[in-house]
Amino acid sequence: EPRGLSGCPHSKLILFLLNQLIAARRQLHTAGMAVLRDRDFLLLFAGQGVSRLGDGLYTAVVAWLAWSLTHRPGAVALVTVAAYAPTFLATLIGASYADRYDRRRLMIVTDLVRAAVVAIAPLLLALGLLNLTLLVAAAAMLSLIGAPFAPARNAIVPQSVPAERLLEANGLLQVAFRAAFFVGPLLVAPL
């Protein structure tokens, strides 16, 4: 028995519980990691982590641009609504595309088109052509383009991993998505 526990009537119980905690912690660190050995899932996991990081950056930058262009809180709210409302409204249609077409290609194409639209903004800003109307239109367009993405991603996970690993895969994806979306705006903060 360690010093400090000698003489304690419950020392064996305390040691047992501490050992169980340590053993559970070791299992916790490796839980879900086996699914990352699957190449298809690893590519999905890494690609979506990068994509969500970009989404987090985009969310912060669009709000900052709306403020910089107008110095009006209403403009920030308008751009935010334009960035999310179309996805909310178009998801049912987007889900039907995810069911009809190759999900992997649909995800790649929507992300590439969204990246191309986002890449135009710095050029317009540098040329002095970016205004609130263009920013709202671009945010709405990005939202519509991205509508089929989430249903396709959600439907592709069961195709990428064995059924017994599905819970682990979904858990890892959700943690990665939330972490990347959280970190994105933090990267913009120093600007």
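**Close-up 1. The second largest pocket and its lining.** H2 gives the largest share of the lining of the second largest pocket, six residues. This is a predicted model: local features need pLDDT of at least 70, side-chain atom pairs count only at pLDDT 80 or more, and totals for chains, interfaces and linings use all residues. Residues are numbered from 1 along each chain as its sequence is written, and side-chain values use heavy atoms, with hydrogens and water left out. The elements are DSSP runs numbered from the N terminus (helices, H or I, at least four residues; strands, E, at least two). At least two lining residues each come from H2, helix H3 (73-100), H5, helix H6 (149-160) and helix H7 (166-188). The space in this second largest pocket is about 440 Å³. Its lining has 21 residues, and Arg52, Asp55, Tyr84, Thr87 and Arg114 are the closest to its centre. A pocket is an open set of points on a 1 Å grid over the protein atoms alone, where a 1.4 Å probe fits, with protein on both sides within 12 Å along at least five of seven lines; lining residues have an atom within 4 Å of a point. Volume is the space filled by probe spheres set on the points, which are joined across faces, edges and corners. By class, this lining has nine nonpolar, seven polar and five charged residues. Nonpolar covers Ala, Val, Leu, Ile, Met, Phe, Trp, Tyr, Cys and Pro; charged covers Asp, Glu, Lys and Arg; the others, Gly among them, are polar.

**Close-up 2. The largest pocket.** About 650 Å³ of space lies here. Tyr58, Arg114, Val117, Val118 and Leu142 are the closest to the centre, out of 28 lining residues. Helix H2 (39-70), helix H4 (103-126) and helix H5 (132-145) each give two or more residues to the lining. The classes are 23 nonpolar, two polar and three charged.

**Close-up 3. Two nonpolar cores.** A nonpolar core joins buried Ala, Val, Leu, Ile, Met, Phe, Trp, Tyr and Cys residues through side-chain atoms within 4.5 Å. The largest has 16 residues, of which Phe41 and Leu44 touch the most other members. H2, H4, H6 and H7 each give two or more residues to this core. Leu44 touches Met107, Ile156, Val157, Ser160 and Leu173, leaving aside residues up to four places away in sequence. Contact means heavy atoms within 4.5 Å. A second, separate core of 15 residues includes Ala75, Val117, Leu132 and Leu135.

**Close-up 4. Asn170 in helix H7.** Asn170 is partly exposed, with a relative accessible area of 34%. Buried is under 20%, exposed over 50%, and partly exposed in between (1.4 Å probe, protein chains only).
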